[in-house]
Structures are given as C-alpha cells and as structure tokens.
Amino acid sequence: MKSPVVKRSIVIAGHKTSVSLEDAFWEALKEIASGRRLTLSDLVATIDSARTQGNLSSAIRLFVLDHYRGAASAARAQSTGERMSVASPTVA
C-alpha cells in the first residue's frame with residue numbers, strides 16, 4: 001500500500017507552518033487527536049513543544065509510532081492476562 005507524502009498547513013501556537021507526512025500518518029494523527037478530544041492543531045502544538053531534536057514531521061511520526069506501540073503492548077498484556085505498566089507517549 002502506497003501512502004503518498006502530503007504537505008499540509010497547520011497553525012501551531014498562533015503561527016502557520018507546513019508539515020509533510022504520509023496519508024497514513026495524517027489519518028493516525030487525526031484519530032489520536034479525536035480520541036483525546038483535541039484539535040489536530042492542539043495535538044501537533046503539544047508534540048512540537050515536547051520535541052528536543054529533529055524536525056516536526058519526524059517528531060509526529062515518532063509520536064504516532066509510540067502511541068500505537070503502547071496500544072499494542074496494552075492489548076497484548078490484556079489478552080495474556082499480564083499486569084503491565086504501559087507508559088503512554090510523552091505527549092499528553
């Protein structure tokens with residue numbers, strides 16, 4: 001499955017910037033924002049403020065990866081009956 005890179009403009013902390021991400025990452029980011037009852041701009045602003053290095057697109061990809069890794073670990077633990085402390089990604 002090919003997921004083309006899409007460049008979108010987004011307002012972060014009052015300034016407009018553009019972010020290039022594959023469609024799959026945009027969709028995942030929207031899903032996470034909705035689940036947390038945040039706007040996409042608010043979630044991206046939080047990710048942006050938490051990053052210590054790299055560009056924003058990379059920080060978003062890593063955030064999405066961490067989110068779904070955490071969810072997969074929690075699901076595995078639940079299905080096996082294990083008690084596991086799952087740390088959510090560093091962004092609230």
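Trainee: What covers the buried residues of α1?

Mentor: The cover includes β1 (5-12), β2 (15-22), α2 (40-50) and α3 (56-80). Contact means heavy atoms within 4.5 Å. Helices (DSSP runs of H or I, at least four residues) and strands (E, at least two) are numbered from the N terminus. This is a predicted model: local features need pLDDT of at least 70, side-chain atom pairs count only at pLDDT 80 or more, and totals for chains, interfaces and linings use all residues. Residues are numbered from 1 along each chain as its sequence is written, and side-chain values use heavy atoms, with hydrogens and water left out.

Trainee: How many helices and strands does the chain have, and in which pattern?

Mentor: Three helices and two strands. Along the sequence they run β-β-α-α-α.

Trainee: How do you know that the span of α1 is close to the expected one?

Mentor: The expected span is 1.5 Å times one less than the number of residues. α1 covers residues 23-35, which is 13 residues. From first C-alpha to last it reaches 18 Å, close to the 18 Å expected.

Trainee: Which residues of α1 are called buried?

Mentor: Trp26, Ala28, Leu29, Ile32 and Ala33. Buried means under 20% relative accessible area, exposed over 50%, and partly exposed in between (1.4 Å probe, protein chains only).

Trainee: What puts them on the same side of α1?

Mentor: Their arc around the axis is only 165°, so they share one side of α1. The arc is taken over the directions from the helix axis to the C-beta atoms. In general, an α-helix has 3.6 residues a turn, so residues three or four places apart point the same way. The face of α1 turned away from the buried side carries the exposed residues Glu31, Ser34 and Gly35.

Trainee: What makes a set of residues a nonpolar core?

Mentor: They must be buried Ala, Val, Leu, Ile, Met, Phe, Trp, Tyr or Cys, joined through side-chain atoms within 4.5 Å. The largest such core here has 17 residues, and Leu29 and Ile60 have the most contacts inside it. β1, β2, α1, α2 and α3 each give two or more residues to this core. Not counting residues up to four places away in sequence, Leu29 touches Leu21, Leu40, Leu43, Val44, Ile47, Ile60, Phe63 and Val64.

Trainee: Why are α1 and α2 called roughly perpendicular?

Mentor: Their axes come within 9 Å and cross at roughly 100°. Axes are lines fitted to C-alpha atoms, for helices over the stretch in contact, and angles run from 0 to 180 degrees between N-to-C directions. Under 35 degrees counts as roughly parallel, over 145 as roughly antiparallel, 65 to 115 as roughly perpendicular, and the rest as oblique. α1 and α2 are therefore roughly perpendicular. Trp26, Leu29, Lys30, Ile32 and Ala33 of α1 meet Leu40, Leu43, Val44 and Ile47 of α2.

Trainee: Why are α2 and α3 called roughly perpendicular too?

Mentor: They pack at about 105°, with axes 10 Å apart. That makes α2 and α3 roughly perpendicular. Here Leu43, Val44, Ile47 and Asp48 in α2 meet Leu56, Ala59, Ile60 and Phe63 in α3.

Trainee: How do you know whether Arg37 is buried or exposed?

Mentor: Its relative accessibility is 81%, so Arg37 counts as exposed. Ala13, in the loop between β1 and β2, also has a positive phi, near 50°. Ala13 is exposed, at 72% relative accessible area.
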